[in-house]
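Keep the sequence and the model in view while reading.

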Amino acid sequence: MRKLWIGLTYAVFLVLLAAPLYKIAGSAFSGGWAGLSRALGRPEALHALMMTGAIVVVVTLLNALFGIMMALYLVRASWLSDKIKSLLNSIVDLPYAVSPVIGGLMIVLLLGPDSIIGVFLEGTGFQVVYAFPGMIIATLFVTFPLMVREVMPVLQEIGTDQEQAAATLGAYSWLTFRQITWPMIRWAVVYGMVLTVARSLGEFGAVLVVSGNIMNKTQTATTLVYQDVENFNVAAASGVALVLAAFSAGLLLLMEWVKKRKEVH
């Protein structure tokens, strides 16, 4: 029976992961290296990849900062009542329960050109929806739980004894965090950042709604893949998709290598 379940597991892996990746690679190289170079060298592809890279960098930094802060509040903030912590925990998990498309729609309704806030911001010359800031917010909405859920278990495991001892000796909060808390949570932060990068690279639904998918302006790599498929340019779409898949897979393999190195040391 165990061999049967192992065989079924491998079969599911092949059907759901290996076979699609093989087909994407085959389609991307259907025109050889020259065809792949043409697909990736298009002005719209270069702009979309650079836009995706910019979003990944900004979102990862913001997610690290605010994710660590939220994790600290949920675990260490004694001035927050249990009810408020429970509410915040539910809000953190909201992106898991809500479709990214719905998340993007909520951002449009709240900050779009037809909303009060959106009209005010555009009056000051700051456009959110159908611009880079809205794409950042949409990607943050989708990726925010990743950092929090990586850091919280570590904070709960290490406890507060060392931090309280430092406070007793007169250390300020920032010094305590830098000297005691950070060394203990840094690997969790690294894992959270890697997951954030991988998730940001593949985000589609929320960004599509918020960006408007304007070529050479608000188009990301994933929305370009969608547009190429709609235009029956499957080989070009596969080329861009292969780059995203390879980068994400490389990041996850790097994370596994780092975990093994950490366990060795």
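Buried means under 20% relative accessible area, exposed over 50%, and partly exposed in between, with a 1.4 Å probe and protein chains only. This is a predicted model, in which local features need pLDDT of at least 70 and side-chain atom pairs pLDDT 80 or more, while totals for chains, interfaces and linings use all residues. Residues are numbered from 1 along each chain as its sequence is written, and side-chain values use heavy atoms, without hydrogens and water.

The structure holds four salt bridges, a salt bridge being a side-chain nitrogen of Lys or Arg within 4 Å of a carboxyl oxygen of Asp or Glu. In one of them, aspartate 228 meets arginine 42 at 3.0 Å, N to O. Aspartate 228 lies in helix α12 (residues 221-230) and arginine 42 in the loop between α2 (32-41) and α3, so the pair links distant parts of the chain, 186 residues apart. Helices here are DSSP runs (H or I, at least four residues), numbered from the N terminus. Aspartate 228 counts as buried because its relative accessibility is 4%; arginine 42, at 14%, is buried too. Arg42, Glu44 and Asp228 are linked in a network of salt bridges.

Arginine 149 and aspartate 93 form another salt bridge, also at 3.0 Å, N to O. Arginine 149 is in helix α8 and aspartate 93 in the loop between α4 and α5, 56 residues apart. Arginine 149 is partly exposed at 24% relative accessibility, and aspartate 93 is partly exposed at 29%.

The largest pocket has a volume of about 520 Å³. A pocket is an open set of points on a 1 Å grid over the protein atoms alone, where a 1.4 Å probe fits, with protein on both sides within 12 Å along at least five of seven lines; lining residues have an atom within 4 Å of a point. Its volume is the space filled by probe spheres set on the points, which are joined across faces, edges and corners. The largest pocket is lined by 20 residues, with Leu72, Ser173, Thr176, Phe177 and Thr181 nearest its centre. Two or more lining residues come from each of α3 (43-76), α9 (161-168) and α10 (173-202).

The second largest pocket holds about 160 Å³. Its lining includes Met70, Leu88, Phe141 and Phe144, and α4 (82-92), α5 (94-97) and α8 (132-158) each supply at least two residues.
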